[in-house]
Amino acid sequence: MDSMKSFQSYCKADELEEQAHRRRTRKRLIIIGLSTIVLIAIIIGAVFGTLFPVKSSKSNENPPTYTAESIKAICDVTRYPASCGSSIAAIRSSSNDTDPNPGPSKVFTLSMQVAAGELIRLSSLPQKIISSNVNIDPMVREELEICENLFEDAVEYINDSISAVQGGQGDEMVLSTAKINDIKTWLSSAITNQETCLDGLMEAANHAAIPQEMENATRNSTEFSSNSLAIATHIMTILQSFQVPIHRKLLKFDRHHHGLEFDPRFPLWVRRGDRRLLQEENPIPNITVAKDGSGDFRTISEAVELIPKKKKTRFVIYVKEGVYLENVSIDKDYWNVMIYGDGMYKTIVSGSLNKVDGTPTFSSGTLIAAGRRFIARDMGFINTAGQEKEQAVAMRSSSDQSVFYRCYFDAYQDTLYVHSNRQFYRDCHVTGTVDFIFGNAAVVLQNCSIQPRQPGPDQFNTITAQSKTDPNQNTGISIQRCHITPFDNLTATTYLGRPWKDFATTMFMQSHIGDIVDPAGWTQWTQGVDPPNTIFYAEYENLGPGSGINERINWPGVKPNVTTEEARRFTVESLIQGNQWLPKDSMVYESSLE
């Protein structure tokens, strides 16, 4: 986000060595090829299931019947019903699907196959643009390569969603509450990835040609992904309207069935074993890192190279006290990784990558966590680039069901990038200036210290910048039971946040807000331009001299005194489904408002 002077836009803006570039290109071509094979197999399987259906041992006396209008009826819940209907009709035609009466399960699956197919096609575009622009700017080139990775990850999210849906026989969809939430999260992240690509290109490009080309190219994929997300959001209503049998017992989460025990200190999706790791003073590590040579390695990056891919059980890295000058990346194929240190101010990972020196915001994090179910405990992550270097991220998480416990995030602009998926922060310390908690994850920060600091000349502070782009995305920033106080001798105007995108969603609740926050509470993204009515900026039962609501800015989307029922949407239990995954990893938390 451009913050110098008016910093009216937040376009999220080292050429790589050629050998590394060729290796990545080969890897991406393999991924695209495999994804294409998987997609074709899914389509063939769907057609085979239609032509040779498996008969259930318990047939219904009056099985539901559908007409050709079923596709239209389902697509009517989407934002783009025309593209929904026409794209599903096209994929049915291309796969020789002759079923005249497709049910909701099949229509939903087909919609996701359409989105995945379009994203696979789109994945080759970045390299085509690079090849056709011989003198391309290094930063634009890097952003295009980021786009390629983002598109590939989006395909994976959609394929995971397809697999989650295909759990029943015929149209009897076996959907648990957890499964529905997973699907909505992954489809939301697929949309976020596409938007992140466009943001990065706008940040890097010094002219509009390449960003405009990419925006035009992503229009279909974004609409198709949105259509699938809308169907997922309304899936229960759709199934009921079509009289489809539903395993209702699965819609109620059973903590005993999942081997979970209630612990008021942590969300329920933290597994029992992970709770022990979070609470145990010295968990037994797989690898120990120590600067003085007393461990297995002297750097965290060396330890990361030994993490097994897609490991189903915890892989623990202990980092002894010290300042580690490196950038650490936990790749998306590194699952269930835990990194813990000797304290948030004792074990510090320090980097300085930033926009001004040529690193895109998306890649500038001192720590980047992408692999699912990542945990960090008693660690500090700082970016020392300083305010004059503009966007410089201390930590970016795209990790689904990630947990950060007693961690320190220190930088200026764009400190904590809560990019996508479900995230939980407890007892953490965050400092920054402009938009220093930003992104489009479903994230709860609970019992954290949030400290704005003095920004550069002619700048003001904004604590949050949420970037929801679709009303059906299950995303938002929730700040609960936190303390908002100055980090230093702060004199600059400070706001709770500003809306990065049209459906920006942020809640401050049950927090202590110091007098550093301007009485207006919120401010415009572009000075002089009010945000759309679709934003949702809310407050609930806050305390402190900055919590007064009488002078809050009068926008339709600002809700300074929401009801208890509205506030419950932003608890650990509701926003990030903490009752489904936090008891799988151990630490203190409150699941509700009480």
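Predicted model: local features only at pLDDT ≥ 70, side-chain atom pairs only at ≥ 80, totals over all residues.
Start with helix 4, residues 104–122, and helix 8, residues 209–233. Their axes come within 9 Å and cross at roughly 155°. Helix 4 and helix 8 are therefore roughly antiparallel. The crossing of these two helices is left-handed. On the helix 4 side, the residues in contact include F108, M112, A115 and L119. They meet residues of helix 8, among them A217, S221, F224 and I231. Sorted by class, this contact has 10 nonpolar, six polar and two charged residues.

Now the other partner of helix 4, which is helix 6, residues 138–165. Here the axes also come within 9 Å, and the crossing is at roughly 165°. That angle makes helix 4 roughly antiparallel to helix 6. This crossing is left-handed too. From helix 4, the contact uses residues including S105, F108, M112 and L119; from helix 6, F151, V155, I158 and I162 are among those taking part. By class, there are 13 nonpolar, five polar and no charged residues.

What is the volume of the largest cavity? It is about 80 Å³. Its lining consists of T192, E195, T196, D199, Y417, H419, G439, N440, S467, T469 and W500. Which helix gives the largest share of that lining? Helix 7, residues 177–204, does, with four residues. The lining as a whole has two nonpolar, seven polar and two charged residues.

Definitions and conventions:
Residues numbered from 1 in each chain as written. Heavy atoms only, no water. Axes fitted to C-alpha atoms, helices over the stretch in contact; angles between N-to-C directions. Parallel < 35°, antiparallel > 145°, perpendicular 65-115°, else oblique. Left-handed = near helix turned anticlockwise from the far one by under 90°. Contact = heavy atoms within 4.5 Å. Nonpolar A, V, L, I, M, F, W, Y, C, P; charged D, E, K, R; others polar. 1 Å grid on protein atoms, 1.4 Å probe; cavity = no way out; pocket = protein on both sides within 12 Å on 5 of 7 lines; lining within 4 Å. Points joined across faces, edges and corners; volume = space filled by probe spheres on them.
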